[in-house]
Amino acid sequence: METAVKQKQKYDIRYMAKISWPVFIEYGLNSTVGLADTVMVSSIGSSAVSAVGLVDSINTAFLMVYNAIATGTTVIVAQSHGAGDKKTIYRAVGQSLLFGFVLMCVVGGLVFGFRKALFGFLYPEVEQELRTIALSYMSLTVFSYPLMAIFSNLAGAMRGMGNTRAVMIASFAINVVNIGLNALFIYGFDMGAEGAALATICGRLTGCVMLGIQSVRIWGKGVFAPKNMRLTGDILKRLMTISIPSGLDTALFQAGKIIVSVFIGTMGTALISANTIASSLFGFICIPGNALSVSGVTITGQCWGASEKRQARDNLLKCCVFSIVLLLAVSAVLWFPAPYIIGMYKPDADAVDEAIKLFRTLLVIIPLFWPTAFCSASGLRAADDVRFVTVVSVVSMWVFRVGFAWLLGVHWAWGPFGVFVAMGLDWVFRSLMYMPRIIFGRKMRQ
């Protein structure tokens with residue numbers, strides 16, 4: 001066991017930078033692929049890009065529910081790594097991997113079987129051409145659900161140990177495969193949105209294989225041994241203590257996003273297209289914030305497992321502050337080139353101005369409110385404060401994100417801009433709840 005002095009040296013800013021820079025690159029690559037997907041699909045027409053956007057909102061809802069399980073894995077591994085408990089790490093990885101894979105196979109099968117009814121229920125007013133493309137795209141993307149479960153679990157476990165470099169390398173491979181096959185399927189074989197879906201599946205399969213090999217190198221073949229994958233009450237209880245509140249939070253959050261996408265689905269193809277384009281840029285803007293959010297979970301969890309609670313608080317606050325500074329820099333760089341960035345998507349003329357306005361709205365609200373709403377929440381989960389985060393998130397989501405989206409976007413006819421304003425109000429409320437909890441709460445001052 002390391003001494004207190006060594007622990008402080010380990011969890012300093014240099015350690016934060018060490019585990020953060022690979023995550024920066026990973027999220028940058030993922031966002032680049034997302035942009036490439038949308039740009040390539042947009043070359044087919046507004047109906048295709050709108051269809052992909054609507055279906056991806058459904059896919060993300062289901063995949064994010066599983067990510068709650070992966071979050072539980074990350075927290076357990078981080079805390080166990082801080083405590084030096086390797087046996088628990090192996091069991092947590094094996095059991096969560098099996099549980100998540102089976103769960104997402106079931107979910108994928110249900111979505112595939114009821115895809116027409118599900119899409120028709122959520123988007124009854126979309127045009128027939130858009131509906132046809134969307135259902136074709138949806139039929140293929142569900143096959144990536146189990147692959148995403150495997151990748152998310154292994155990636156979460158490695159992040160929990162601070163090994164973000166391995167995840168970065170796997171993400172790089174995913175992106176190379178995805179972009180290459182996108183170009184081949186969409187332009188070479190003229191497969192349209194179906195080509196984008198097949199490229200996504202092949203990319204995720206590549207990532208699973210690479211992380212599987214890397215897992216064996218790091219932990220040995222024993223991590224996938226039946227004894228570690230056999231579901232047991234102690235690991236599952238600990239996993240579910242983190243994952244169920246996070247999963248409920250995520251499920252309701254994604255349900256709210258789907259309801260908001262239903263609001264947008266009534267606004268016409270031009271506004272749907274503008275919203276899809278601006279939303280696809282969200283991840284690109286948030287690269288520094290997402291990277292530091294992941295780092296916050298790892299560092300907070302490891303400090304918590306090592307009983308260094310003050311360090312957990314101090315490093316979590318540093319993650320939030322650094323995130324704000326970096327996001328402000330990103331927004332400043334992207335503000336003036338915004339029209340040219342939107343122009344890469346080749347939007348219809350009646351969607352251009354709205355897309356630029358939405359993009360610049362994100363450039364304002366993300367650096368001001370996103371870090372204190374989400375970096376803080378990630379760290380609180382890693383410090384076993386999941387229940388509080390879940391309650392705040394559920395209330396904020398349904399009052400501000402959904403309620404105000406309807407009021408501003410639909411009732412007051414502000415369109416997608418009103419939806420984005422409502423999203424900002426949601427982040428403001430979360431920030432007002434989480435930040436005092438970190439700074440003044442007794443739990444993180446011990």
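Okay, let's start at R437, which is partly exposed, with 34% of its relative accessible area. On the cut-offs: buried is under 20% relative accessible area, exposed is over 50%, and partly exposed is in between, using a 1.4 Å probe and protein chains only. Before I go on, this is a predicted model, so local features need pLDDT of at least 70 and side-chain atom pairs count only at pLDDT 80 or more, while totals for chains, interfaces and linings use all residues. Residues are numbered from 1 along each chain as its sequence is written, and side-chain values use heavy atoms, with hydrogens and water left out.

So what does R437 meet in a salt bridge? The partner is D385, at 2.9 Å from N to O. A salt bridge here is a side-chain nitrogen of Lys or Arg within 4 Å of a carboxyl oxygen of Asp or Glu. This pair ties together distant parts of the chain: R437 is in helix α19, D385 is in the loop between α17 and α18 (386-411), and they are 52 residues apart. D385 is buried, at 8% relative accessible area. Helices, by the way, are DSSP runs of H or I, at least four residues, numbered from the N terminus.

There's also a network: R401, D426 and R430 are joined by salt bridges that share partners. Searching the whole structure turns up 5 salt bridges.

Next, K357 and E354. Their closest N and O atoms are 3.7 Å apart, in a salt bridge. Both residues sit in helix α17, 3 residues apart, about one turn of the helix. K357 is partly exposed at 37% relative accessibility, whereas E354 is buried at 14%.

Then D314 with R313, another salt bridge, with 3.3 Å between the closest N and O atoms. D314 is partly exposed at 34%, and R313 is buried at 13%.

Now, the helix pair. How do α17 and α19 cross? The axes of α17 (residues 349-382) and α19 (residues 416-440) come within 8 Å and cross at roughly 20 degrees. That makes the two helices roughly parallel, a label for angles under 35 degrees. The axes are lines fitted to C-alpha atoms over the stretch in contact, with angles from 0 to 180 degrees between N-to-C directions. The crossing of α17 past α19 is left-handed, meaning the near helix is turned anticlockwise from the far one by less than a right angle. As for the residues of that contact, they split into 19 nonpolar, 5 polar and 4 charged.

Technical notes: Parallel < 35°, antiparallel > 145°, perpendicular 65-115°, else oblique. Nonpolar A, V, L, I, M, F, W, Y, C, P; charged D, E, K, R; others polar.
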